[in-house]
Amino acid sequence: MKLEAVDFNAPDAAERFVESLRSTGFGVLKNHPISQDLVSSVYENWQGFFDSEDKMQYRFKPETQDGLFPANVSEVAKGHKKRDIKEFFHYYPWGQCPDYLRDQLQGYYDEANGLAKTLLGWVEERSPENVSSLYSQSLSSMVDGSEQTLLRVLHYPPMKGDEDPGAIRAAAHEDINLLTILPAANEPGLQVMGKDGEWLDVPCDFGYLIVNIGDMLQEASGGYFPSTTHRVVNPDGADMTKSRISLPLFLHPKPEVVLSERYTANSYLMERLRELGLI
């Protein structure tokens, strides 16, 4: 299996993209509408933020989950014991953010959120009738007006060689939400697990956009759209000295949305946050 980039502007883009999601849990897009100059600038500005001591003024609030999550409280992936080697900032339009970074980050949030909604529409339109019948409401209406969609600015610091044995930048995990939108990071390392259990490198050409299914879409579709296991591996050699910045947008439904007979969006999210040790 190989992940091929789909041209966003191609006549059959929606069909090929949704088929890739179905077969691998991931889709890769090129020639998409998100500005690469904007992405580059966000990477550069947030590298400066993570390199500064001022970042600790924005430590996250447990009750709202917005702000900086330092490396010493980073996630422990479900089923793992080692903490990931990373720090990250949770941005919501209503949440805390340094004033000098807010306008640019909100601009990116708006662009990525708009594209995410378009791609969710592609998924909805290509859901077979027996799958659509499982949705408590249309996928697009699940996110309409949602204040839960999260932009995470991730910083994987340079490796010093004294890391906890067995710890990696992001241990194998699945995302919680409906869809995740991720511009190719400034360094490689993202891998996805194929159906045969083998790890595959996700194309990291700058300008590509990586999209994957989260657990909430898997739950809502009765497993038709699979949430795929992925990880970020540690670099080798000279690449160990490089930071890695990543900008995933996690498209979340409104809290009251019914995903299945077992879960609302809120009850599912709270269960997973407890498993991750974030609440």
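Glu-87 is buried in this predicted model, its relative accessible area being 7%. What does the side chain of Glu-87 meet in a salt bridge? The partner is Lys-55, with 3.0 Å from N to O. Glu-87 belongs to strand S4, residues 87-91, whereas Lys-55 sits in the loop between helix H2 (36-51) and strand S3 (67-69); the pair therefore ties together parts that are 32 residues apart in sequence. Lys-55 also counts as buried, at 14% relative accessibility. The cut-off for that label is under 20% relative accessible area, so both residues qualify, Glu-87 at 7% and Lys-55 at 14%.

As a general point, side chains of opposite charge can pair when their charged atoms come close.

Let us turn to a second pair. The side chains of Glu-219 and Arg-262 form a salt bridge, at 2.7 Å from N to O. Glu-219 lies in helix H6 (residues 215-220) and Arg-262 in the loop between strand S13 (249-251) and helix H7 (265-276), so this bridge ties together parts that are 43 residues apart in sequence.

The next example lies within one helix. Arg-272 forms a salt bridge with Glu-275, and their closest N and O atoms are 3.4 Å apart. Both residues belong to helix H7; because they are 3 residues apart there, about one helical turn separates them. Arg-272 counts as buried, at 4% relative accessibility, and Glu-275 as partly exposed, at 33%. These two residues are also linked with Asp-215 in a network of salt bridges.

I come now to the nonpolar interior. In soluble globular proteins, nonpolar side chains tend to be buried together. Here, the largest nonpolar core has 81 residues, and those with the most contacts inside it are Trp-46, Phe-89, Tyr-108 and Leu-119. Which element supplies the largest share of this core? Helix H3, residues 99-125, does, with 11 residues.

How values were computed: Residues numbered from 1 in each chain as written. Predicted model: local features only at pLDDT ≥ 70, side-chain atom pairs only at ≥ 80, totals over all residues. Heavy atoms only, no water. Salt bridge = Lys/Arg side-chain N within 4 Å of Asp/Glu carboxyl O. Helix = DSSP H or I, 4+ residues; strand = E, 2+ residues; numbered from the N terminus. Buried < 20%, exposed > 50% of the residue type's maximum accessible area, 1.4 Å probe, protein only. Core = buried A, V, L, I, M, F, W, Y, C linked by side-chain atoms within 4.5 Å.
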